[in-house]
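The entries follow in the order in which I made them.

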Amino acid sequence: MDHRTAERLISERLDGERLSPRQAPALEGHLQTCASCRAFERWAYRLREEVRFEVAPAVPDLVEPIMASIAAEATRGRPRLRLGRTPRGPQPRRALLPRLAPALAGLLAGLVAGSLIVGGPWRDRSALAASDVAREVAAAAPAFEAYQARFAITEYHLSPEVPVRELSMNVWFAAPERFRLDVTDHTDYGSPATPTDLRLVVNGSAWYSSGPAACPSATCPHRETLVRNRAPFSEAAPVPTDIVLPLTTLGDDRGVQVLGAGTVLGRAAVRVELPFERAGPLFPFLELGGEWRPFFHNDRVRIWLDEASWFPLRWEVYPAGGHERDAWALRFGLPEEPSRRAVFTVDALSVELVPPAEGVFAVPETARAEDQGARPVSLAEVPHEVGFEPIAPRELGGLELYRVVVPAVEPAETLVTYAEGLAFLKVGETRSWSAAAPFGPVGLLAEEVRLPNGGLAYFEPATSELGRRLSIHAAGTDLYLESNLPREELLEVAASLPVTGLAMPEIWRVRRTPEGATSRATLEHAAEVLGVPIQLPRALPQGFALASVELVWVQDRVGATLHFHDTETALAAGPIRLHLEAADELPPAAAADQRSVEVRGAVGRYSPSTARLEWIEDGLYRSIDAPGLGLQELLELAASIPTASGGAAP
Amino acid sequence: MRDPDPRTLARAREGDIDAFEELVRLYQADVWRFAYHMTRDRALAEDVTQEAFLRAFRFVRGFRGDSRFSSWLFRIARNCAVDAIRARRLEEVRDPPERPLAAGAAEARAELHAALAAVSEEHREPFLLIEVFGLSYREAADVLGVRVGTVKSRMHRARAAMMRALAVEEDTGGP
């Protein structure tokens, strides 16, 4: 036993952990011969004694001031937060701020006044990292119970005839699934035109949307959709709660930059920036109907987030610069758009963290309704309905039972959901799964993960429509979990299910295709089949990891495709694929817009439209497909693959 | 650490202010000490304690008893302390760290304070929760929102770091 292990075991034993029958005698044996570890143990005990008796400083009696502030709050009722349109000094952060030194108050007042003079409500402070923001937003989700807000939307360059549009938006939310969004168009079009007036109402099992259908003429027909028996947290009839708390948008800090902090409408706020393609969930109204201007995938979205509750206070779209965007803008007939001027802004006029009136979520009746078929049942009724008692996790990450439904599918399955604030968990189960693929919205190329309980599960990251997902194939049952809890928490929840997940059966892993077959394999097996060792790129984008390896047979040729995915959230870019196959020359180009580039000392090929880089090395054809990455990043990725001898690329 | 009387807790959850005051009396010293060790600042620790109880009062209705009340309260206190530390960092206002008077019997205490201050925040937190407040690994993991295994290894590193800071590694010659 080495010193480090011994010290760790000493530490655990001291803290009341039981060592295993193998560890205990091994530690004793080590201690008998190791003076250094004996000293560690002796000092650890002494440290405990001293700390427990000496560290405690004189404690002030705070009962009175604490109870005074509680009494004050109890008289005021629930905490209410109101934001005024007129910028004003920072509001006291309840108990904390009023007690800060007067010097700080002076400093704050000076900064706010300064920002008003220069016209920007922020000041550049970068003490917060993007990962802090992502973590804070995720941590705020379970406590986010109720919300109502008013926004002003300004849109530029819809068309040459309509250079500016003014709209307003009202949003109401009550956890977990009551939501309403109204957009009212105040634009004076000057000619007959259908205003972009939209409404979305979700009330648990009912989902309603109305608005003008997108159409080529000036006046467009009105469209109404009603969904009944909606499944809880249904991706087909979604609730766009990122507008309330950007849990999906900021579920992953990749591509997110913290620009600074400051005050917006008198609230302490943090400003972050990310590309438009990653910020889609903040613009749900674009999907609800009517006409909207186009956005370039790389346009910059700047969001001010409330620093206490993390709801967005303001978000703005700034054009990305560069030739590519200019060419794109030309196609849409957009005028020149300098990158320093916002082309779209959403501004909070008021936000209140109070429950909306019940009537707000009343779903209008319409003639045309779609039935999603998710029949509500009580947990007690489930065995009678489907013939089995659904398995429940013992650890629920702090969530509570929400809705139980039996979807209208064969074979019978159950969907038990849990929620707290904006955090949710779905657990689906069936006892008669016969398809040759994982149960639930999980693909065959999902990442195989070893759960803390030793079982296997197949994981897929969150997308803009779906949460993080796990499928578990166990003896006699198949389950899936979907949640917006962070990956680690979801894995803990899954590990608390009283089942042990098994590896994907052979019959799922092998697929016949018209040209040959594909088969999910291990990296070692793929290397064996190709007859060469397979090296992984070292410079993967942050958060990416190897998800799965697939062998692909086409006629008499075989290749291996390695899939890398983002381990938390995949909003814009899809997985990165690295393909290897024995060949002496590049195959015919698959895309028209390709050009020659030097890759690792050889002549390779780059296809911008598919973000693909191809080259031949050591008798192997290699390609990297990485949607969202540019040539430079692709070349860096390629260069980070160790050579067969283990060194860096030439 | 003590657990509250379940009847008091039940009354507090129903909004009974007197019952909540009993909880404040029971835990205010522990919460303040924890906040103090996190922030190294007496006044800020008072603010954090007040804020933590105010948040606890708001959310006690939702406390479901799936962890110990003390763990739940520490989790809130920790979040408040993290907010306060961050706010202090953001505002770039730093009180000089408080140094206890190193005289006579207080010397050992001063050394311990200095050693604790020398340990990184990541390692100080589990050390305080387990060593000073007597939480189990599971409870500390709950408070910190990390896995038990992480707490175990941080605890070991914290001890080693404390010993280094107290310069005890010289004493390895055996009893």
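Predicted model: local features only at pLDDT ≥ 70, side-chain atom pairs only at ≥ 80, totals over all residues.

Entry: From α1(A) they are A:Glu7, A:Arg8, A:Ser11 and A:Glu12, and from α8(B) they are B:Lys152, B:Ser153, B:Met155, B:His156, B:Arg159 and B:Ala160. By type, I noted five charged, three polar and two nonpolar residues in this contact.

**Entry: a helix pair inside chain B.** Next I looked at α2 (residues 17–39) and α3 (residues 42–59) of chain B, whose axes come within 8 Å and cross at roughly 140°. Is this pair oblique or roughly antiparallel? The antiparallel class needs an angle over 145 degrees, so α2(B) and α3(B) are oblique to each other. I recorded the crossing of α2(B) past α3(B) as right-handed.

On the α2(B) side I found B:Phe20, B:Val24, B:Gln28, B:Val31, B:Trp32, B:Ala35, B:Tyr36 and B:Thr39. They meet residues of α3(B), including B:Arg42, B:Leu44, B:Glu46, B:Val48, B:Phe53 and B:Phe57. The residues of this contact divide into twelve nonpolar, three polar and two charged.

**Entry: chain B as a whole.** I counted elements next. Chain B has eight helices and zero strands, and from the N terminus on its elements run α-α-α-α-α-α-α-α. Of its 175 residues, 43% count as buried. Among the contacts of chain B between residues at least 6 apart in sequence, 62% join residues at least 24 apart.

**Entry: chain A as a whole.** I made the corresponding notes for chain A. This chain holds 13 helices and 30 strands. Buried residues are 38% of its 650 residues. For contacts in chain A with a separation of 6 or more, residues 24 or more positions apart account for 62%.

**Entry: nonpolar cores.** I noted the background first: in soluble globular proteins, nonpolar side chains tend to be buried together. Which residues have the most contacts inside the largest nonpolar core? They are A:Leu245 and A:Ala494, in a core of 129 residues. Strand β3(A) gives the largest share of this core, six residues. A second, separate core has 63 residues and includes A:Cys37, B:Leu23, B:Tyr27 and B:Tyr137.

I went back to A:Ala494 and listed what this residue touches. Leaving out residues up to four places away in sequence, A:Ala494 is in contact with A:Leu451, A:Ala457, A:Leu470, A:Ile472 and A:Leu481.

**Entry: two cis peptide bonds.** I looked up peptide bonds in chain A. One cis bond joins A:Ala175 and A:Pro176, with omega about -5°. A:Pro176 is in the loop between β3 (164–174) and β4 (178–185) of chain A. Another cis bond joins A:Glu410 and A:Pro411, with omega about -5°. I found A:Pro411 in the loop between β15 (400–406) and β16 (413–420) of chain A.

**Entry: positive phi.** A:Trp310 has a phi near 70°, a positive value in a residue other than glycine. Its place is the loop between β10 (300–306) and β11 (312–318) of chain A. Is A:Trp310 buried or exposed? I counted 23 other C-beta atoms within 10 Å, and 20 or more make a residue buried, so A:Trp310 is buried.

A:Gln555 is not a glycine, yet has a positive phi of about 50°. I placed A:Gln555 in the loop between β24 (544–554) and β25 (557–566) of chain A. With 7 other C-beta atoms within 10 Å, A:Gln555 is exposed, because 12 or fewer is the cut-off for that class.

**Entry: A:Ala329.** Last, I checked A:Ala329, found in helix α8 (residues 323–331) of chain A. A:Ala329 has 17 C-beta neighbours inside 10 Å and therefore counts as partly exposed. Apart from residues up to four places away in sequence, A:Ala329 touches A:Leu334 and A:Glu337. I also noted A:Phe296, which is 33 residues from A:Ala329 in sequence and 8.1 Å from A:Ala329 in space, C-alpha to C-alpha.

Conventions:
Residues numbered from 1 in each chain as written. Chains lettered and ligands numbered in written order. Helix = DSSP H or I, 4+ residues; strand = E, 2+ residues; numbered from the N terminus. Contact = placed C-beta atoms within 7 Å. Core = buried A, V, L, I, M, F, W, Y, C linked by C-beta atoms within 7 Å. Axes fitted to C-alpha atoms, helices over the stretch in contact; angles between N-to-C directions. Parallel < 35°, antiparallel > 145°, perpendicular 65-115°, else oblique. Left-handed = near helix turned anticlockwise from the far one by under 90°. Nonpolar A, V, L, I, M, F, W, Y, C, P; charged D, E, K, R; others polar.
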